[in-house]
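I opened my notebook today to look up a few things in a new structure.

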Amino acid sequence: ASYVCQSLIDEIFKKAIREEAYSVTFAAVCRELSPIEVVINEKSTTMRAILLKKCQGMFEKPLEERLQDVREEWEEKRDKEEHEKLKIHYDIAEQVNKARDAYYGNIRFIGELYRQGSLNVRIIQQCFTNLIRDRT
């Protein structure tokens, strides 16, 4: 059951950050799932805690660092596959754009979770503090 719950949260999170039009719907689904308790590695937790950990993990890594990781990963692939260099060059740009969109999608999703009542104001204040700190 814990694997199913983890997989469900993973899929909801992926869809919510990549499909902006549905972030409201996914936030509402998460609000309903939030109180469900699951046992993972013999520890009891809630679906809300799993989701928040997922959002926090993406949010806390600065965007530029995340984009640099994507670039390096794809450049490494390009170097290994010399014969497809041109194609992979375009793939790098596409992957960087996807990573950027996912980062901003996560921020939108966090906002929707707050609007749905799944996050409290303290968490949102911490998000703002992190965003401001990363900009300076």
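**Burial and overall layout**

I began with burial: of the 136 residues in the protein chain, 33% are buried (buried means under 20% relative accessible area, exposed over 50%, partly exposed in between, with a 1.4 Å probe and protein chains only). I noted that this is a predicted model, in which local features need pLDDT of at least 70 and side-chain atom pairs count only at pLDDT 80 or more, while totals for chains, interfaces and linings use all residues. Residues are numbered from 1 along each chain as its sequence is written, and side-chain values use heavy atoms, with hydrogens and water left out.

Next I listed the elements: the protein chain has 6 helices and 2 strands (DSSP runs numbered from the N terminus, helices being H or I with at least four residues and strands E with at least two). From the N terminus on, I read their order as α-α-β-β-α-α-α-α.

**Helix α1**

I looked at helix α1, which covers residues 2-18 and has 17 residues. From first C-alpha to last, α1 reaches 24 Å, close to the 24 Å expected at 1.5 Å a residue (the expected span is 1.5 Å times one less than the number of residues).

Which residues of α1 are buried? I found C5, I9, I12, F13, A16 and I17. They sit on the same side of α1 because they cover an arc of only 115° around the axis (the arc is that of the directions from the helix axis to the C-beta atoms). On the face turned away from that buried side, I found the exposed residues Y3, V4 and R18.

**The two strands**

Strand β1 (residues 37-40) and strand β2 (residues 43-46) run antiparallel, and 4 bridges join them (two strands pair if DSSP finds at least two bridges between them). I saw I40 standing opposite K43 in β2. The two strands form a hairpin with 2 residues between them, and N41 in the turn has a positive phi of about 50°.

Is E112 buried or exposed? E112, in helix α5 (residues 85-115), counts as buried because its relative accessibility is 12%. Leaving aside neighbours within four places in sequence, E112 is in contact with S23, V24 and A27 (contact means heavy atoms within 4.5 Å).

D69 is in helix α4 (residues 63-80), and D69 counts as partly exposed at 31% relative accessibility. The C-alpha atoms of D69 and V96 are separated by 9.2 Å, and the two residues are 27 residues apart along the chain.
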